[in-house]
Amino acid sequence: MLSWGENCQQGFRLRDGSDVSAGDGVHLLNLGFDITDLSAGHSVLAFIKSNGAAAIIRTTESQDGRRVRGKQKFVKCREKIQALVCGDSEVTLLSKGGRVLCVDTTHTYIPRPLEALCNIPVSQVACGSQHSVALTKGGQVYTWGQNSRGQLGLGSSKTCTDSPRRLGGLSALPLVQVAAGGEQSFALCVSGAVLGWGRNHRGQLGLGDTTDRPKPTPVCYLNTKKSSHISCGKEHTAVLTKDGAVFTFGSGQYGQLGHNSFCDELRPRLVAELLGAKVTKIACGWHHTLVLTESRKVYSFGEGELGQLGHAEESHPSVPLPVQLPQDTSHGPIIENIYAGGNCSFAISVKEAQEELKTARAINVTPDVIDKWVSECNSKSWKKIKGEIHRTFSSASCMNQIFLDQSNDKHFQTSSKYCGLNMTLARRAFKKLSRKDDVLAEVQAAVVLLLRSLDEIPVGVEGLRIFLLLNELLHWIQRHDTQGMSTTLTEALAAAAVQRLSAESLQVLGDWWSSQTSSTKVRHVAVWKKALSEILSSQPFPCGSRLRNLLLVLQNMYNANGRVAEHQRIPEETFCVEVSEAFLVEDLRIWHSTSNRKGLDNQPFLLCNFPFVMDLKSKKLAFDIYASNTQRAHQPMIPFGPATDFFLGLKLKRTSLLEGTFKQLAAAHPQDLKKPLVVYFDEDPKLTDVNKRDLFHHLFRKMVSPRFGMFKFNDSETLAWFPSTSKEEDKTDFFLFGVLCGLALWNKSLIHFPFPLALFKKLLGVEPTLEDLKEFSPDVGKSLQCILNYDEDELKKLDWDFIINWDGSEVCLDPQNPEKLLTVLNKKEFVDAYVSHAFNASVQAVFEEFQRGFFQVCDRDPVTLFRPEELQGLLVGQDIYDWATLKQNTLWDVWFGSSTKQMFWEVFDELTEDQRKDFLWFLTGSRRVPILGMDQVRMKVQVTQVQIGQRYDQHFPEALTCHSILRLPLYSSKEIMREKLIEALIAERAFSM
């Protein structure tokens, strides 16, 4: 062993030949045995022999003030020691069995076990001046000792403790090292994340300031630097990376940072002088630093007053310089390891390099290990396997470590945007585990314990990985769940995520999740949907934390999905579940009763506040229930009285439908607009749903047409939009047009409404985009897209300014700068301004009136259940005509024989597509299909009743559109049936137009 610095030779029992010196105070000590570990503090030095025996050497002050080492004394311990660390005067030992033993050298050399850790195997220990840190084999961190500067990480700097206490917030991190020095502490993750806590008055935590930290705090400046080892001095810290670089920070008073200066560094700074040499080991003394390079050279820098640097006194102490090592053979010693502590330095030399001691080995659950778990085994091996499963899946730290993506060091790139996990490896492992019921049962039992351990807010992003892994594991548990535990586990994970994670952590977790493959994302969403569906079907209906937690998890995933590029998103329908009518009735009852108390605390947690999880069928059902309840609420309580009290009645003449409708709607009380609509034509008192549908058909076909002139149309005259040139007196018409649209939606009527999706976006408070302008005006949209794609030279050739022509008028998109030219820097601003003018500024007045009219009828809350495209489909239907479904769902009167049924469908199949659409209008009152598809059209065919003496062939088919009933005579031939049906459709079409 080589030794230099304070009392470098004293205390050791040396053999002959130990006085070999290089002239700079470096001595070769012939101990006669190998040393596997060594540590030095202010008043004590300890080491371990290769046979596991530990020895301690005390340092005391003589009467003249000199510090003198005593003789080495072996610790009386039956267990073999694998590691040790020294504080100022106390030595902490770690046995090969994982037990922690303490020796207070001021009183005794007999170690005492720490009761709090007696049954907890420990893999590593570290000591500061007067505090200690332990890392367990399960990945937990315990601290004890003085806590004057928060060095125990317990959240306070007041409490000191002699008994180890578990450190919160680190339980899910895959830790491989703890370090301590002076009054600061650190923990290191497998993937290179560094966390520090304690004293920081010289910047020794590397956080960019000098504020102490009483709780573990991520050292963000070291993210992605591949940190692999940490060593602490009294007031400075050194970090080694996997690539052999060294970062130092903290006090530079003695040059111990190696930056050719004596300044403090508040953030980790690369030691540039070492860039040419790959460093493999680092060690910090009180105020000096040692490094060992791949070529087995030792460099030192910092305080050297007592010879601890091992080079000439006149050398520059703030620059890494080689230690002058003695030569005991022609080839020189092979340096295996270096140690620094207090004012001492040591290097262990051996003739052949030995395998490095690893104090914190990674969990090694390979595919072969999992294959062993799921293979047939006897009771003896099964007991061992159960223990391995328990240790692996009850520890968030172990799971976190096993599934890291260590190919090409990807796990070192962990950040808020990259999780560092190999999800493919995890999926394959979990799939194998799920194949055997008893193995999966053990995994589930272990996961229950793991979830209970997630009792703190994780520090940094590393601890968030466990939530992704458990989401994947729960997918496989659900698929093979025979004990009904999957929903319980899912709810427990949801509670852990919602109750313990900050908004920032939830966003990071969402971003990680959204970066996974589409198949993974769909699987993960399905886990939460299944649990949600189960509790929605339970009795009594859930309204507390069970529902809340699941909804908030899905909300976070839904929001994350919306933040990524459109081509990376999974369909929004992926998040949807079907909700029962009974649940919706209760949810809507509470929702409606609390709608006037929004913004207040203690609001109930309701499904209707999370419409993204409701499928379209459930949303429409909720809207219809809401509308029906509201309509009844606006009707009188007494069951008798004039019909005008129960309905919004419009008495119209067919010759003046528009004028009469607008006049009566303008005169109607706002509350009456929420009642069910009934329409009477030409003083006919007959109450029928046909009149209502006929009214909507007539009015919208007339009003929303190029000839009518109320709206502007695109070049192909397929889409309408609000005019930008309307007069003040026209506003009333747009208000009433909005009322009419609201009435159609409120009364479940499909209408002819050829407006772009932008209208429905605006109704729902969603900003229109360039894609909407492309829909309305493909040529303009294409031109604007080209502008976004153009480079600077192409835009110069255009020589455009911010003045455009819209709706026949010249408009300046930037009135404050009318001479502004279009450039590559402002092209997006130009396009956004163009789109905004087209859909917002140019039509603001008339659209606000339309919107006011629409929401005069429909309450805003139920409308906001829908996405823009859903609201559009709800109002105008869809053009997907599944005629086979219509046939399949048709119900026939018992009086019809098979020959008549066959005859009818043969006639129907021979109709043109337009004639079939006419038939749909004849049957339902609309040529378009309801948004939920043709499955919603249930045609009932009844035999037409004829008077005695009349023949069926004399009559036309008739329809009751409110019930989709077709009254069909029993025709004598297929030809007569075709003739009468087509004539009925033509007559109906002519009547309607």
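How are helices α14 and α15 oriented to each other, roughly parallel or oblique? They are oblique to each other, where angles under 35 degrees count as roughly parallel, over 145 as roughly antiparallel, 65 to 115 as roughly perpendicular and the rest as oblique.

**Before selecting**

This is a predicted model, in which local features need pLDDT of at least 70, side-chain atom pairs count only at pLDDT 80 or more, and totals for chains, interfaces and linings use all residues. Residues are numbered from 1 along each chain as its sequence is written, and side-chain values use heavy atoms, without hydrogens and water.

**The whole chain**

The chain contains 27 helices and 40 strands, taken as DSSP runs numbered from the N terminus (helices H or I, at least four residues; strands E, at least two). Its radius of gyration, over C-alpha atoms, is 40 Å, well over the 30 Å that the globule rule (2.2 Å times the number of residues to the power 0.38) gives for 993 residues, so the chain is more spread out than a compact globule. The C-alpha trace spans about 135 × 80 × 55 Å along its principal axes.

Next, colour by pLDDT, the predictor's confidence in each residue from 0 to 100. The chain has a mean of 89, with 94% of residues at 70 or more. Select residues 351-362, where pLDDT stays under 50; the model gives this stretch 19 contacts (heavy atoms within 4.5 Å) beyond four places in sequence. Residues 989-993 are also below 50 and have 11 contacts beyond near neighbours in sequence. Where pLDDT is low, the predicted coordinates should not be read in detail.

**α14 and α15**

Select residues 689-703 (α14) and 731-746 (α15), which pack at about 140 degrees with axes 12 Å apart. Axes are lines fitted to C-alpha atoms, for helices over the stretch in contact, and angles run from 0 to 180 degrees between N-to-C directions. The crossing is left-handed, meaning that the near helix is turned anticlockwise from the far one by less than a right angle; clockwise is right-handed. Show F696, L699, F700 and M703 of α14 against F737, L740, C741, L743 and A744 of α15. The contact residues comprise nine nonpolar, no polar and no charged (Ala, Val, Leu, Ile, Met, Phe, Trp, Tyr, Cys and Pro are nonpolar; Asp, Glu, Lys and Arg charged; the others, Gly among them, polar).

**α15 and α21**

The contact includes F734, G738 and W746 of α15, and E849, F850 and G853 of α21. Its residues divide into 13 nonpolar, four polar and three charged.

**α5 and α7**

Finally, select α5 (437-453) and α7 (486-500), whose axes come within 10 Å and cross at roughly 20 degrees. These helices are therefore roughly parallel, and their crossing is left-handed. Q444, V447, V448 and L451 of α5 meet L489, A492, L493 and R500 of α7.
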